[in-house]
Structure formats: C-alpha cells, structure tokens
Amino acid sequence: KLIHYTNLRTQPWKFAGHKHESLWFKYFNEARKAGVIPNSDVDKTLSRAYARQDILSPISSASLKIAPGTSVGSAQAVASKPSKLKKIKNKLRKLLGIQKKSAA
C-alpha cells in the first residue's frame, strides 16, 4: 500500500495531527535504522525547517490534543506538554552542537 500525503498542512513530517502519522514515523525510523536516510540528511532538513523540529522523537498528537495541521511549535502544543518540548529542545541542541547559554 501507498499513502500519499497531498495536503501540505497535514503532512506528518511537517505538522502533528495526521491520522496516519504513527505509520509514517514507523517507516521513517525503519529507514533511518537501515541507513536509507542518513543523519546528515535529517540534520539538513531540521536546519532548513523542512520538517517538524521533533521529528527524531515526535510527540503524539493524541497526547497533545491538537487539531490536524497545527504546528507542534504552536502555543497550544507548548502549553500542553512543556516538559516534552524542553527535552526535544535539549536533544536538538545536542544534535546540532549548540551550547546552552549559561547565566552570567
């Protein structure tokens, strides 16, 4: 079977809430593990904002209770799960080699 994500506002790699996002992430992660999608491609995709910033550890849209097509970075998502978003930010910083600013 093939699933085509035509609507740009509901593509699971871009926005949370698609009813088949778990299926997409399953195959995305399998492809990464198999080496079909190199980490350098994921890094480039994230740096250019072509995908959700939580693509490496997506937050379930069901746990956030957000509407399809809503950006994970929206105020609603931030208010719903701040601890998960903080973990994602820290993972991205680590992945991108960005140092956390220290208090002076």
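Colleague: Where is W13 found?
Modeller: W13 is found in the segment before α1. Helices are DSSP runs of H or I with at least four residues, strands are runs of E with at least two, and both are numbered from the N terminus.

Colleague: What kind of model is this?
Modeller: It is a predicted model, in which local features need pLDDT of at least 70, side-chain atom pairs count only at pLDDT 80 or more, and totals for chains, interfaces and linings use all residues. Residues are numbered from 1 along each chain as its sequence is written, and side-chain values use heavy atoms, leaving out hydrogens and water.

Colleague: Why is W13 called partly exposed?
Modeller: The relative accessible area of W13 is 23%. Buried means under 20%, exposed over 50%, and partly exposed in between, with a 1.4 Å probe and protein chains only. W13 therefore counts as partly exposed.

Colleague: Which residues does W13 touch?
Modeller: Leaving aside residues up to four places away in sequence, W13 touches Y5, W24, Y50, A51, R52 and I55. A contact means heavy atoms within 4.5 Å.

Colleague: Which residues of α1 are buried?
Modeller: E21, W24, F25, F28 and A31 are buried. They cover an arc of only 125° around the axis, so they lie on the same side of α1. The arc is taken from the directions of the C-beta atoms seen from the helix axis. Exposed S22 and K33 are on the face turned away from that buried side. After α1 comes G35, with a positive phi near 85°.

Colleague: What makes E21 and R52 a salt bridge?
Modeller: Side chains of opposite charge can pair when their charged atoms come close. The term asks for a side-chain nitrogen of Lys or Arg within 4 Å of a carboxyl oxygen of Asp or Glu. In E21 and R52 the closest N and O atoms are 3.1 Å apart. E21 is in helix α1 and R52 in the loop between α2 (39-47) and α3 (61-64), so the pair ties together parts 31 residues apart in sequence.

Colleague: What is the distance between the closest N and O atoms of D54 and R52?
Modeller: It is 2.8 Å, and D54 forms a salt bridge with R52. Shared partners join E21, R52 and D54 into one network. The whole structure has 2 salt bridges.

Colleague: Are E21, R52 and D54 buried or exposed?
Modeller: E21 is buried at 8% relative accessible area. R52 is buried at 3%, and D54 is buried at 3%.

Colleague: Why does L95 count as partly exposed?
Modeller: L95 has 36% relative accessibility, so it falls in the partly exposed class. L95 is in helix α5 (residues 82-96). L56, L95, L96 and I98 form a nonpolar surface patch with about 310 Å² of accessible area together. Such patches take residues with over 30% relative accessible area and no salt bridge, joining nonpolar side chains (Val, Leu, Ile, Met, Phe, Trp, Tyr) within 5 Å and like charges within 9 Å.

Colleague: How many helices and strands does the chain have?
Modeller: It has 5 helices and 0 strands. Of its 104 residues, 30% count as buried.

Key
Accessible areas come from the Shrake-Rupley method with a 1.4 Å probe; for residues, only the protein chains shown count as cover.
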